[in-house]
Amino acid sequence: MRPRWQRIGLKVLYWLAVLVVSLALLVALILLIESRDQSSVGARTAPAGR
């Protein structure tokens, strides 16, 4: 059986890897949604009703 400090270290490493993968997926999802967004919030076009 592994020493106690080694078990704790492996758990910390595991959750750190889970956190890194989760953040990477979140950033990828945000970038994907942002790239597909066709809005023009700051555009200087006249409204369609004019």
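1. The protein exposes about 5,200 Å² (Shrake-Rupley method, 1.4 Å probe), and 66% of that area is supplied by carbon and sulfur atoms. This is a predicted model, in which local features need pLDDT of at least 70 and side-chain atom pairs count only at pLDDT 80 or more, while totals for chains, interfaces and linings use all residues. Residues are numbered from 1 along each chain as its sequence is written, and side-chain values use heavy atoms, with hydrogens and water left out.

2. Of the 50 residues, 0% count as buried, a class that requires under 20% relative accessible area, against over 50% for exposed and the range in between for partly exposed (1.4 Å probe, protein chains only). The secondary structure comes to 1 helix and 0 strands, taken as DSSP runs (H or I, at least four residues, for helices; E, at least two, for strands).

3. Leu-26 lies in helix α1, which covers residues 4-36, and its relative accessibility of 45% is why it counts as partly exposed.

4. The structure holds 1 aromatic pair (ring centres within 6.5 Å, Trp by its six-membered ring). Tyr-14 and Trp-15 have ring centres 5.1 Å apart and planes at 80°, so the pair is edge-to-face, a class set at over 60 degrees; both residues are exposed.

Notes:
Rings of Phe, Tyr and Trp (its six-membered ring) pair if their centres lie within 6.5 Å; planes under 30 degrees apart count as stacked, over 60 as edge-to-face and the rest as tilted.
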